[in-house]
Amino acid sequence: MWLTLLYGCAGGAALLYALYRWVIPSVVQYHAGLALVWHDTIVEGLLNTLTQTTRPQRMLAAVQKNATRGDPRSVVKAIDQFCRQKEWAMNVGDEKGCILDSVVTEVNPATVLELGTYCGYSTVRIASLLPPDAKLITLEFNPHNAAIAQIPSLFLM
Ligand SMILES: C[S@@+](CC[C@H](N)C(=O)[O-])C[C@H]1O[C@@H](n2cnc3c(N)ncnc32)[C@H](O)[C@@H]1O
């Protein structure tokens, strides 16, 4: 009787984990609205409550743990890894990031205005490709995101 209950609980937990980790993310990836509800409302809300931290804070912790000061690409890599292995986030990401890199390299701008910093992923990506005398202005209206975004930029120096 107890053994059956134990197996039942373990099986239920394994099923829930598989749904959370693989099944639902695989299904919702084909529908932008569902993906947003799953990743940005359900999962983010759940993890915020369980860990008493926010997603930008968790992302920053991954940067602080895995990136190296003076190596902006290590910040990009740490955030990409966090988003691939842990949590989805609304950074431009690696695929579109490569397009962004090509445009910045091709145009070689003296001034860049970025609208929407979030946690500073694209900011660091752009800044790492600019000549030393270029100016990068990035705007973020969410003060929590803006506070987090200042830290990845420290890895530029
Ligand atoms: C898609 S995210 C930006 C992602 C970021 N560029 C990256 O790749 O890491 C959009 C961000 O824009 C911010 N935002 C939206 N409307 C804004 C506005 N009117 N002024 C400033 N920031 C804004 C949001 O708070 C959010 O952090």
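At what angle do the axes of helix α3 and helix α4 cross? The axes of α3 (residues 55–66) and α4 (residues 72–85) cross at roughly 130° and come within 9 Å. Before going on, a word about the model and its numbering. This is a predicted model, in which local features need pLDDT of at least 70 and side-chain atom pairs count only at pLDDT 80 or more, while totals for chains, interfaces and linings use all residues. Residues are numbered from 1 along each chain as its sequence is written.

**Helix α3 and its two partners**

Helices here are DSSP runs of H or I with at least four residues, strands are runs of E with at least two, and both are numbered from the N terminus. Axes are lines fitted to C-alpha atoms, for helices over the stretch in contact, and angles run from 0 to 180 degrees between N-to-C directions. Angles under 35 degrees count as roughly parallel, over 145 as roughly antiparallel, 65 to 115 as roughly perpendicular and the rest as oblique. α3 and α4 are therefore oblique to each other.

Nonpolar covers Ala, Val, Leu, Ile, Met, Phe, Trp, Tyr, Cys and Pro, charged covers Asp, Glu, Lys and Arg, and the others, Gly among them, are polar.

Helix α7 (residues 143–154) also packs on α3, at an angle of about 5° and with the axes 10 Å apart. α3 and α7 are therefore roughly parallel to each other. P56, Q57, L60 and V63 of α3 make this contact with H144, N145, I148, I151 and P152 of α7, giving 6 nonpolar, 3 polar and no charged residues.

A residue is buried if 20 or more other C-beta atoms lie within 10 Å of its own, exposed if 12 or fewer, and partly exposed in between.

| Residue | Other C-beta atoms within 10 Å | Class |
|---|---|---|
| F82 | 24 C-beta atoms | buried |
| Y118 | 21 C-beta atoms | buried |
| I24 | 17 C-beta atoms | partly exposed |
| N108 | 10 C-beta atoms | exposed |

F82 sits in helix α4. Not counting residues up to four places away in sequence, F82 touches M59, A62 and E87. The C-alpha atoms of F82 and M59 are separated by 6.8 Å, although the two are 23 residues apart along the chain.

I24 belongs to helix α1 (residues 2–28). Leaving aside neighbours within four places in sequence, I24 is in contact with L19 and W38.

Most residues other than glycine have a negative phi. N108, in the loop between α5 (93–107) and β1 (111–115), has a positive phi near 45°. Y118, in the loop between β1 and α6 (121–127), has a positive phi of about 50°.

**Around the ligand**

Y118 is also one of the residues around the ligand, with M90, N91, V92, G116, Y121, S122, L139, E140, F141, N142 and N145.

Notes. Near = placed C-beta within 6 Å. Contact = placed C-beta atoms within 7 Å.
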